[in-house]
Amino acid sequence: ASLEAALREGESLTQFIEEAVVAAAAWRRVQAEFVTRGEAAIERWKREGGGRTVDDVMDDLQARLDEAKRRAAQRARR
């Protein structure tokens, strides 16, 4: 009964099931492509020496923040 209540006006149970199966297959394809891209990125990262340290990333982010604050302060003085 709850499944039939979810059907749209004029939609059959067969149409609903077909739409659900197509959507599930598309979602699985998207997931598989995502995993493939992620695995390739990890392998590339390993080949290229493992990327940057957390400290390097945090230092870069802090520098960006400091620069943004400096520019905002300059604009406020105008």
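Reply: In what follows, a residue counts as buried under 20% relative accessible area, as exposed over 50%, and as partly exposed in between, with a 1.4 Å probe and protein chains only. The model is predicted, so local features need a pLDDT of at least 70 and side-chain atom pairs count only at pLDDT 80 or more, while totals for chains, interfaces and linings use all residues. Residues are numbered from 1 along each chain as its sequence is written, and side-chain values use heavy atoms, with hydrogens and water left out.

The setting comes before the pairs. The protein has 3 helices and 0 strands, where helices (H or I, at least four residues) and strands (E, at least two) are DSSP runs numbered from the N terminus. Of the 78 residues, 3% count as buried. The C-alpha trace spans about 65 × 45 × 20 Å along its principal axes.

Side chains of opposite charge can pair when their charged atoms come close. With a salt bridge taken as a side-chain nitrogen of Lys or Arg within 4 Å of a carboxyl oxygen of Asp or Glu, the count here is 5.

One of these bridges joins Glu19 to Arg8, at 3.9 Å from N to O. Because Glu19 belongs to helix α2 and Arg8 to the loop between α1 and α2, this pair ties together parts that are 11 residues apart in sequence. Glu19 is partly exposed, at 43% relative accessibility, whereas Arg8 is exposed, at 57%. Helix α2 covers residues 13-47, and α1 covers residues 2-5. The loop that holds Arg8 also contains Ala6, which is partly exposed with a relative accessible area of 45%.

In one of them, the closest N and O atoms of Arg64 and Asp60 are 3.4 Å apart. These two residues are 4 apart in helix α3, and therefore about one helical turn separates them. Arg64 is exposed at 56% relative accessibility, while Asp60 is partly exposed at 28%.

Arg71 and Glu67 form another bridge, with their closest N and O atoms 3.2 Å apart. Both lie in helix α3, again 4 residues, or about one turn, from each other. Arg71 is partly exposed at 40% relative accessibility, and Glu67 is likewise partly exposed, with a relative accessible area of 28%.
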